[in-house]
Amino acid sequence: MASSPSSSLLLSLGLLALLVGLHGCSAHFGQATGQGIWPLGRQPQQRQRHQLRFRTECRLDRLDPQEPSRRIEAEAGFTELWDEEDEQFACAGAAAVRHVIRRNGLFLPAYTNAPELLYVVQGNGLHGAVLPGCPETYQEDESLRSQYQGRSQDIRGEESEQRGDRHQKVRFIREGDVIALPAGVTHWIYNRGQSDLVLVSVLYTANEENQLDENIRKFFLAGNPQQYQQQGGRSRRWQRQGRRGRQQQRHRREGGGGQEQQEESFGNIFNGFDDDLLSDSFNVDNELAQRLRGRDDQRGHIVEVQDDLQILSPRYDRGEEAEREWEREREREGRRRRGRGRGGYNNPGNSTSEDDASANGLEETLCTLRLRENIDNPERADIYNPRGGRITTLNSFSLPILNYVQLSAEKGVLYRNGLVAPHYYLNSNGLIYAIRGSARLQVVGDFGQTAFDGELREGQFLVIPQNFVAIKRANDQGFEWIGFRTNDMATVNPLAGRLSVLRSLPEEVIQNAYDISREDARRLKYNREELAVFSPRSGSRGIE
């Protein structure tokens, strides 16, 4: 029996309503599972599509090792910056910074407009990060505090209630630690060791969380980091900003903007606010509000703490050895839970399927996310050759916060004349920082032309673009490096050795592709049984 036109219309409308409802439910489910304050559950197809990520042209036919172009001194240390307008860094969508904090030095609280990945090159200290909306889980006993602090008075002259200090988690950091910081998260660093605390970091300006431009912008909450902003501002952008700031101040002065206008164009974020508004915001007097602005502070962005910083931390209560044992147990539990999830050199266990890559929302909550992981322990190496060296990788399997910052890391150690097989990054750029020693590197681009052939020495950066093929060979003193990669699940594809591209090709394909005998094709496939890190051949040499 044929249906009437009205029945067909009703059926069509019903199906349309059902499809709209399902689409709304799926969208709501996507928001509930991964699109909160920090969308850790993003699927691969939802990942960054930043308007600044793809540049119209990148001239990468010639690569050069980069050294810092600027140095900013402070009371208790200094910061060195690489030129973010250099073509290599600009095409990678990243910038590089190195901090040297002297003993008892405190890097003032600050945040940036881009995610950041830091590596502790030397020393130890304390690191604090303030995660938005999270509770103050470290609380001091009031009776203990009253032993070393007297009772104070509030601005009305009355006795104020004594409270033990409360703050968010403080982390102990040491050599080999990788620290992940999302964009806009305020953090501080304190050197509690006997030697300098040295950190090198990469800021990923191409990440979608940076809604401004490709320039690094540092927002300090304290002090008067004028020297940092002026000396760090020798790039064209900072010069333009400085000129605009001076022009605006002249305009305000000429227009009767008031006697509060200062000659300085730079300062912490409270510097530009009115004293009355600040005092009302914090419920303090104007004198304290003026101190908040820090205009008379000449110490710079790293200040010296006169006495040891008294910070609530389990390490002080339990002792360092107990804390290290807890870290080792956490590493063992992580390996049991994740299995073979780590690794980037064609590791069969390194699955990047949609189901594996997405977080289930239960592993870690927003306020308990781990921001730190140590990759210096040789026992954690993903690839190890007793005559060649070792490589340890860190990605979003082993540190889920990396899924958000869209960065990963690789720590490598090559022994004398050790060799890293020819390889390329499938889905990321690589920024290699030489920690110790030196190595000869060759990098070849898409036209088969050598983009770099030279030595990478301690303290230098080299950018290896996506899909460019690179080879590393350590010199006589060995080579140690930290690699930053612009993808939380960066994959490295070797061209020689076990699990390599050539190893996976049929012999006859190799034979005909290179016009060689079948015996030579077999030698190309099977003469290296090692994986990624090769032991030196007899008579091999480094830089000649």
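Strand E19 (residues 419-425) pairs with strand E23 in the antiparallel sense over three bridges, where pairing requires that DSSP find at least two bridges between two strands, and within this arrangement His 423 lies opposite Ala 470 of E23. The model is a predicted one, in which local features need pLDDT of at least 70 and side-chain atom pairs count only at pLDDT 80 or more, whereas totals for chains, interfaces and linings use all residues. Residues are numbered from 1 along each chain as its sequence is written, and side-chain values use heavy atoms, with hydrogens and water left out.

Strand E23 (residues 469-485) also pairs with strand E20 (residues 430-444), antiparallel and over 13 bridges, with Leu 431 standing opposite Phe 484 of E23. Strand E18 (residues 408-414) is joined to E23 by seven bridges, again in the antiparallel sense, and Glu 410 has Gly 483 as its bridge partner in E23. Of the 17 residues of E23, 12 are buried, so this strand is largely enclosed by the rest of the structure; buried here denotes under 20% relative accessible area, with exposed over 50% and partly exposed in between (1.4 Å probe, protein chains only).

The protein chain as a whole contains 14 helices and 25 strands, both taken as DSSP runs numbered from the N terminus (helices H or I, at least four residues; strands E, at least two). Of its 544 residues, 49% are buried. Among contacts (heavy atoms within 4.5 Å) between residues at least 6 apart in sequence, 77% join residues at least 24 apart.
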